[in-house]
Amino acid sequence: MRIDVVTIFPEYLEPLNVSLVGKARARGLLDVRLHDLREWTHDKHNTVDDTPYGGGPGMVMKPDPWGEALDAVIGSGVQGEEPPVLVVPTPSGRPFTQELAVELSEKPWLVFTPARYEGIDRRVIEEYGDRLDVREVSIGDYVLAGGEAPVLVMVEAVARLLPGVLGNAESHRDDSFAPGAMADLLEGPVYTKPPEWRGRGIPDVLLSGHHGKIARWRRDEAFRRTVRNRPDLIERADPAAFDKKDREI
Ligand code: 6GU
C-alpha cells in the first residue's frame with residue numbers, strides 16, 4: 001500500500017518511522033511519503049492560511065497550495081492504476097471505525113490531508129470529490145489542534161491490517177470491534193506469568209485446560225466489560241448474540 005500525507009508539519013509524523021508502521025515500511029509492505037504543503041506556496045512567507053469570508057475567529061487554509069499539492073501527488077500515480085482515496089481528517093467528518101479501517105486497508109493508495117486552523121477552504125473538498133473517493137473522517141468527539149495526530153491514529157489502524165504486517169493473521173481475530181461471534185463486545189482481561197503477583201492470582205478457569213470453559217469465560221468477561229464501559233454497544237447489538245446467562249450478568 002502507498003500512503004501520502006500532505007501537511008505543514010511533516011516532523012509531526014516522525015512516529016511513522018517507529019514500531020509497527022516503521023517496520024512495515026522497512027519491510028516494503030507500506031510506502032509512506034510525507035510532503036510539506038509549504039513547498040506549493042509561492043510568496044515570501046509561504047502563506048497557507050487567510051481570514052474566513054463572512055468573518056469570525058481563526059484562519060482558513062487557502063485553496064491554492066492544496067490544489068497544487070494534490071494535483072502533484074495524485075498526478076505522480078502510475079497511469080491506468082487505481083487513483084487514491086482522499087482521507088480528509090476533520091472533527092466534522094464521519095466517525096473513523098474499525099469497519100472503515102478494514103475498508104481503507106483494502107485500497108492500494110491513500111492520500112491524507114491533515115489541516116490546521118479552522119480547516120481547508122470547502123472548494124478543495126468539492127473539487128477532488130468530483131474526481132476521487134473523498135472521505136471526511138473524525139477520530140472522536142473532541143477537538144484537536146490539527147489533523148496530524150488523527151493521521152497517526154488512522155495509519156496505524158490501517159497498517160496493522162495489511163497482509164504480513166502482524167505476526168499472524170489470527171492476531172486481529174479477537175480485536176475489540178473485529179467482525180465475528182464477539183463482534184459487539186470489547187476484549188476482556190488478559191494475564192501472563194507469574195501465576196501469582198503481589199498476592200493476586202489468575203482466574204482458575206484459565207489454568208483448567210478446558211478450552212470450551214475458557215472460551216465461555218472470556219466471552220462473559222467481554223460482555224461484563226462492555227456493559228460497564230460501553231453500554232451503547234449492547235443496545236446496538238443483535239439480541240441473538242446474548243443468552244439467558246448474559247441477562248443474569
Ligand atoms: Cl480528524 N481533526 C481534528 N482537528 N480534531 C479532531 C479530529 C480530527 N477527530 C476528532 N477530533
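By class, how many residues in the shell around the ligand are nonpolar, how many are polar and how many are charged?

Modeller: This is a predicted model, and the description that follows should be read as such. The shell around the ligand holds seven nonpolar and five polar residues, and no charged residue. Its members are P89, T90, P91, S138, I139, G140, Y142, V143, L144, G146, G147 and P150. Among the elements of the fold, strand β5, which covers residues 85-95, contributes the most to this shell, with three residues.

The account may now follow the chain beyond that strand. F96 lies in the loop between β5 and α3, the latter being residues 98-105. Because 21 other C-beta atoms lie within 10 Å of its own, F96 counts as buried; the cut-off for that class is 20 or more. Leaving out residues up to four places away in sequence, F96 touches V137, S138, I139 and M154. Of these contacts, S138 and I139 also belong to the residues around the ligand. F96 and R135 are 39 residues apart along the chain, and their C-alpha atoms are separated by 9.9 Å.

Strand β5 is also joined to other strands. Seven bridges connect β5 with strand β7, residues 133-138, and the two run parallel. In this pairing, V85 stands opposite D133 of β7. Three bridges join β5 to β6, again in the parallel sense, and there V87 has F112 as its bridge partner. Strand β6, residues 109-112, in turn pairs in parallel with strand β1, residues 2-7, over four bridges. D4 has V111 of β6 as its bridge partner.

Apart from neighbours within four places in sequence, V87 is in contact with L110, V111, F112, R135, V137 and M154. Two of these, V137 and M154, are also touched by F96. The largest nonpolar core has 40 residues, of which I3, V87 and V155 touch the most other members. Two or more residues of this core come from each of β1, α1 (19-26), α2 (63-75), β5, β6, α4 (122-129) and α5 (148-159). The most come from α5, which gives six residues.

The setting of the site is the protein as a whole, which contains eight helices and seven strands. Its radius of gyration is 22 Å, well over the 18 Å that the globule rule gives for 249 residues, so the protein is more spread out than a compact globule. Taken along the principal axes, the C-alpha atoms fill a box of roughly 70 × 45 × 40 Å. Buried residues account for 23% of the 249 residues. Of the contacts between residues at least 6 apart in sequence, 73% join residues at least 24 apart.

To return to the ligand, β5 is the element that gives the most residues to the shell, and β5 is joined by parallel bridges to β7 and to β6.

Methods
Residues are numbered from 1 along each chain as its sequence is written. This is a predicted model: local features need pLDDT of at least 70, side-chain atom pairs count only at pLDDT 80 or more; totals for chains, interfaces and linings use all residues. A residue is near a molecule or strand if its C-beta atom, placed from the backbone, lies within 6 Å of it. Ala, Val, Leu, Ile, Met, Phe, Trp, Tyr, Cys and Pro count as nonpolar, Asp, Glu, Lys and Arg as charged, and the others, Gly among them, as polar. A residue is buried if 20 or more other C-beta atoms lie within 10 Å of its own, exposed if 12 or fewer, and partly exposed in between; C-beta atoms are placed from the backbone. Two residues are in contact if their C-beta atoms, placed from the backbone, lie within 7 Å. The radius of gyration is taken over C-alpha atoms; the globule rule is 2.2 Å times the number of residues to the power 0.38. Two strands pair if DSSP finds at least two bridges between them. A nonpolar core is a set of buried Ala, Val, Leu, Ile, Met, Phe, Trp, Tyr and Cys residues joined through C-beta atoms within 7 Å.
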